[in-house]
Amino acid sequence: MVNKLIYLFPTVVLYRENILDNDELTELKKNSNLILDKTNTGGSNWYSKVKNTFNTYNVINDNNFDTVLKKITETVNYFNKENGSSYLYGKPLSGWLNYYEVGDYQEFHNHATHRYSAIYIVQGDKDKGTTVSFNNPYQDMLPPIDVKHNDLTYQSYNLKPVENSLLIFRSHLQHCVHKHESLTPRITLACNFN
């Protein structure tokens, strides 16, 4: 008799590095900093006080972000295909910037009214990123006793995305950003797809 594990409801996060070339990244950093300097912060009702442009500046309407948004969209379309869909997204529904200084964080939240969400690290450490945690969407289950964590038993999973990297995930996933500890400010571009 052979035992067979059947993965019925996997939770998948896509991680990809080196999205832009050096010239594209330099230009994106410059444009992101200009927007963050001149735009009022958005995103009310948060415990954290991360400066952001949520609902105050939608980067999908700014041509300076076309290159990175195109690459994010291409990767979302790949991820969507791997999820069994032939639908092709043209661009995100919304996009905004987040600016983290030392000690800044973002509490657990999700983007549940969307299908896919993406986080692109515009600026940050090149070798050791700030931790992003994802919670198991089935938190109401008791884990096995004396478990060693593996793909079947994670209750949360931590990634440290570095500068010029991209995370894509289903929007219902609870995620947070741990305290930023680097002296290099962290800038992210977040966007949602319906």
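Mentor: Two strands are called paired when DSSP finds at least two bridges between them; strands (E, at least two residues) and helices (H or I, at least four residues) are DSSP runs, counted from the N terminus. The model is predicted, with pLDDT of at least 70 required for local features and pLDDT 80 or more for side-chain atom pairs, while totals for chains, interfaces and linings use all residues. Residue numbers start from 1 along each chain as its sequence is written, and side-chain values rest on heavy atoms, without hydrogens and water.

Trainee: Which residue in β8 does I119 stand opposite?

Mentor: I119 faces L167 in β8. β5 and β8 are antiparallel and joined by five bridges.

Trainee: What joins β1 to β8?

Mentor: Five bridges do, and these two strands also run antiparallel.

Trainee: In what order do the six strands of the open sheet lie?

Mentor: In general, strands of a sheet pair through backbone hydrogen bonds, in parallel or antiparallel fashion. Here the order is β1-β8-β5-β10-β3-β2, with antiparallel pairing.

Trainee: Which strands does α1 lie across?

Mentor: An axis is a line fitted to C-alpha atoms, for a helix over the stretch in contact, and the angle between N-to-C directions runs from 0 to 180 degrees. α1 lies across β2, β3, β5 and β10, at about 100° to β5. α2 also packs on the sheet, where it touches β1, β5, β8 and β10, and its direction makes about 45° with that of β8.

Trainee: How many residues does the largest nonpolar core have?

Mentor: Nonpolar side chains in soluble globular proteins tend to be buried together. A core here is a set of buried Ala, Val, Leu, Ile, Met, Phe, Trp, Tyr and Cys residues joined through side-chain atoms within 4.5 Å. Buried stands for under 20% relative accessible area, exposed for over 50%, and partly exposed for the range in between (1.4 Å probe, protein chains only). The largest nonpolar core has 28 residues, and F65, V68, I72, L97, Y120 and L189 have the most contacts inside it. At least two core residues come from each of α1 (22-38), α2 (66-82), β3 (94-100), β5 (116-123), β8 (165-170) and β10 (186-193). The top contributor is α2, with five residues. Another core lies apart from this one; it has 11 residues, including I121, L159, L167 and L173.

Trainee: Which residues does L97 touch, not counting those up to four places away in sequence?

Mentor: A contact is a pair of heavy atoms within 4.5 Å. With that exclusion, L97 touches S32, I35, L36, K51, N52, T53, V59, F65, I187, T188 and L189.

Trainee: How many residues of β8 are buried?

Mentor: Five of its six, so β8 is mostly covered. Across the protein chain, 45% of the 194 residues count as buried.

Trainee: Is K179 buried or exposed?

Mentor: K179 is exposed, at 55% relative accessible area. It sits in the loop between β9 (175-177) and β10. Beyond four places in sequence, K179 is in contact with G103, D104, Y105 and T130.

Trainee: Which residue has a positive phi of about 65° although it is not a glycine?

Mentor: Most residues other than glycine have a negative phi. N55 is the one with about 65°; it lies in the loop between β2 and α2 and is exposed, with 70% relative accessible area. N164 also has a positive phi, of about 70°, and its place is the loop between β7 (156-159) and β8. N164 is buried, at 6% relative accessibility.

Trainee: What pattern does the protein chain follow along the sequence?

Mentor: The pattern is β-α-β-α-β-β-β-β-β-β-β-β, from two helices and 10 strands. The radius of gyration is taken over C-alpha atoms, and the globule rule is 2.2 Å times the number of residues to the power 0.38. The chain has a radius of gyration of 17 Å, close to the 16 Å from the rule for 194 residues, so it is as compact as a globular protein of that length. Its C-alpha trace spans about 65 × 40 × 30 Å along the principal axes.
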